[in-house]
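Please read each point with the structure open.

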Amino acid sequence: MSAIENIREKFDTGEFCHKKASDIFRLLGVSGKTERENILRLLKELESAGEIVRDDRGRYVLPSELRLVRGTLQGNERGFAFLVREEGEDLFLPHRSLHGSLHGDTVLCRVVGGDRGDEAEVYSILRRGMPRLTGTYYRDRKCGMVEADERRFSRPVRVIGGLRAFSGEKVVVDIVNYPEGKDPEGEICEVLGRGGDLSVEENAIIRSQNLSEEFPQKVLAEARRASAQPVLPDGRRDFRQDLVITIDGEDSRDFDDAVSVRREGEDYLLSVHIADVTHYVKRGGALDKEAFSRGTSVYFPDRVLPMLPQELSNGICSLNEGEDRYTLSCIMRVDKKGNVKDSELVQGIICSKNRMTYTKISAILDGDEELCRQYAHLVPLCADMCALAHILIRKRENRGSIDLDVKEAQITLSRDRVEVSEYKRTMAHRIIEEFMILANETVAEFVTAYELPFVYRVHEKPGEEKAQGFKVYLQQMGLKAKFHPANVRPGEYGKILKELEGDERFRVVNRVMLRSMSKARYSAENCGHFGLASDCYCHFTSPIRRYPDLLVHRIVKLILDGQAGEVEQGYRNFVNIAANSCSASERRADEAERAVDDLYKTWYMRSHIGETMEGLISGVTAFGVFVELENTVEGLVRLENLPEDEYVFAEERYLLKGAKHSYKIGDRMRIVVAACDVGSRRVEFVPAQE
């Protein structure tokens, strides 16, 4: 047993609890200076990991002894913060209770109650969350300062060294010191350019999320060697004569998945062919380590930061039209009720017959004469795909799957012009969504039957407090809400939306429901997927752009090769590490993509200042209301710009009510575009004069 394990065990047994360092030296029989320093170093290591803390008398104790809870701080630009915990509801921390901690820090907190019983204060800071950030440089009277772009990081950084910058420039700063009671201190490591420039602002977002843009030479060299390999059948199942196609967006370049459907009596034989990335990305190699580090590809309007180099992502792994490609294929026989009667996973080789787009498939389904002539060989396939997708949609609806209607933006660039509109979700999108969901479920069930280490895609049911808030909201709208907040079932949520189809209240209920739900994540434990009403789910269909899918492929292939024991031995610990890392990478990518989308939306709206538009109130706060336009752009109408009134904010009702005026989520509102701040990515509206 190592020294640190010995100390850890003595804390677990209680022998070292409530002991000072001098007591621990005595109990261990340590007297020499070097030995004492080593023990202090180990105690500091355990303290930094949050395994032990010191009480107000300087004695070491377990955090549980002081009823401390661990979590990550989510700051707010107004100075307060929330403690986000892995389990349990978030806790509120007023500014006075932060004790020098900042957004992103991992901390231990003591629950202190407060008016609602959810208030906490920071007891100790375990790890700083933002050692590097981007921001705008400016001079105050004494020195240079950087105002962080991350508005939740509520303190400026005092510049004590590094590169020289001019006021108004965007910079990257490394925080090197956190003086007690003072602003953090940092050094400028990169000057990005003048703030307010579109490309500079986008680069700042990329840097702020620590996203990798360039691949190391070692990774590129390995990618070139891998992509030079010939594609040969090599004993694989040969699907090259089948009518297999890809369906993606017009601007897609990496094609993870291809599909084929044919009728066999009353059944459908659905083949979902997924790029066999693991044939080229070997475990432990430079490509694998880089892919794990990135976790996911990140998509922006003007560029992609891929998880894998282009030689793989757009080349040898991509299921390009007319080219032989290796796949891991999921073959499913589906009956007329949507049940998978039998399935098979095989290593295959395909040759995609056509690179189709959602637009073209939609047009063929709508009977476009020109496209139906051009792709006459695909017309029966499209009809079969559409029929099967409807069967699968109906089956998921019947089991309670929740089809949230989340509006997405379509941002297009033409020369120097930015256009923003709502992304249209067509039947072609639904076809691919349904086929991929079915394949993901089928693969998850296949591996689960072996009881082996695995990475699941999980989505827990809503917490009781949020579910109760949603129930109260529905009741105040005059809607039935028969579910029990302590144990919500997906079918109960799905039924609410189903009954509101065609009702003007659908969008607002959809939005509030979404806010009551937890976020999906990766886990080594199968907790089911609430939103899909699925008992067993994983991500299998996008290994070019998501590391969890690549890991799932590895596990499946080992099972197919008769090496299930290798999975047990080689992946038991790794699946936990991978699930946590990939969930963090996904959150980082999502934040970056949302921020860049907001940047482009703000840039676009600059040319519409002064115009009158109509939107839907999408959020209500004590300081104003947010309005979402049809093109998905969201802007704030500040409280001081609303008609003069004595307003009261009813948080649980999403309502801002005055004596003469009231504003609630879902109301329509005519606004005038008043201002666009590119640096803060904010659009501001004022009410239109009636």
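1. Strand E28 (residues 634–638) and strand E33 (residues 682–687) pair in the parallel sense over two bridges, and within this pairing Leu-636 stands opposite Glu-684 of E33. Two strands are taken to pair if DSSP finds at least two bridges between them, while helices (H or I, at least four residues) and strands (E, at least two) are DSSP runs numbered from the N terminus. This is a predicted model, in which local features need pLDDT of at least 70 and side-chain atom pairs count only at pLDDT 80 or more, whereas totals for chains, interfaces and linings use all residues. Residues are numbered from 1 along each chain as its sequence is written, and side-chain values use heavy atoms, with hydrogens and water left out.

2. Strand E33 is also joined to strand E32 (residues 668–677), here by six bridges and in the antiparallel sense, with Asp-677 as the bridge partner of Arg-682. E32 and E33 form a hairpin with four residues between them, and in the turn Arg-681 has a positive phi of about 60 degrees. Buried here means under 20% relative accessible area, exposed means over 50%, and partly exposed lies in between (1.4 Å probe, protein chains only).

3. The UniProt annotation "domain: S1 motif", from an unreviewed entry, covers residues 610–688; such annotations may be inferred rather than shown by experiment, and their positions are given in the numbering used here, with feature names shortened. Over residues 610–688 the chain is 0% helix and 58% strand, and the end C-alpha atoms are 10 Å apart.

4. Three strands form an open sheet in the order E29-E30-E31, with antiparallel pairing. Its edge strands are E29 (648–650) and E31 (662–664), each of which pairs on one side only, and the twist averages 15 degrees from one strand to the next. Strand E30 (residues 655–657) is joined to E31 by three bridges, and the bridge partner of Leu-656 in E31 is Tyr-663.

5. A closed barrel of five strands runs E8-E9-E10-E12-E11, with mixed pairing, and its neighbouring strands are turned by 55 degrees against each other on average, direction ignored. Strands E10 (residues 157–162) and E12 (residues 185–194) run parallel and are joined by four bridges, with Val-159 having Gly-186 of E12 as its bridge partner. Helix H4 (residues 198–208) packs on the sheet, touching E8 (132–139), E11 (169–177) and E12, and its direction makes about 145 degrees with that of E12. Axes are lines fitted to C-alpha atoms, for helices over the stretch in contact, and angles run from 0 to 180 degrees between N-to-C directions; contact means heavy atoms within 4.5 Å.

6. How do helices H8 and H10 pack? Helix H8 (residues 358–365) and helix H10 (residues 379–399) pack at an angle of about 90 degrees, with their axes 10 Å apart, which makes H8 roughly perpendicular to H10. Angles under 35 degrees count as roughly parallel, over 145 as roughly antiparallel, 65 to 115 as roughly perpendicular and the rest as oblique. Ile-361, Ile-364 and Leu-365 of H8 meet Val-379, Cys-382 and Cys-386 of H10. Just after H8, Gly-367 takes a positive phi of about 85 degrees.

7. The buried residues of H8 are Tyr-358, Ile-361, Ser-362, Ala-363 and Ile-364. These buried residues pack against several elements, including strand E14 (245–248), strand E21 (354–357) and helix H9 (369–374).

8. Asp-276 lies in the loop between strand E16 (267–275) and helix H6 (286–294), and Asp-276 is buried, with a relative accessible area of 1%. Not counting residues up to four places away in sequence, Asp-276 touches Arg-236, Tyr-326, Thr-327, Leu-328, Gln-347 and Lys-557. Asp-276 and Ile-544 are 268 residues apart in sequence and 8.8 Å apart in space, C-alpha to C-alpha.

9. By contrast, Glu-445, which lies in helix H11 (residues 427–448), counts as partly exposed at 47% relative accessibility.
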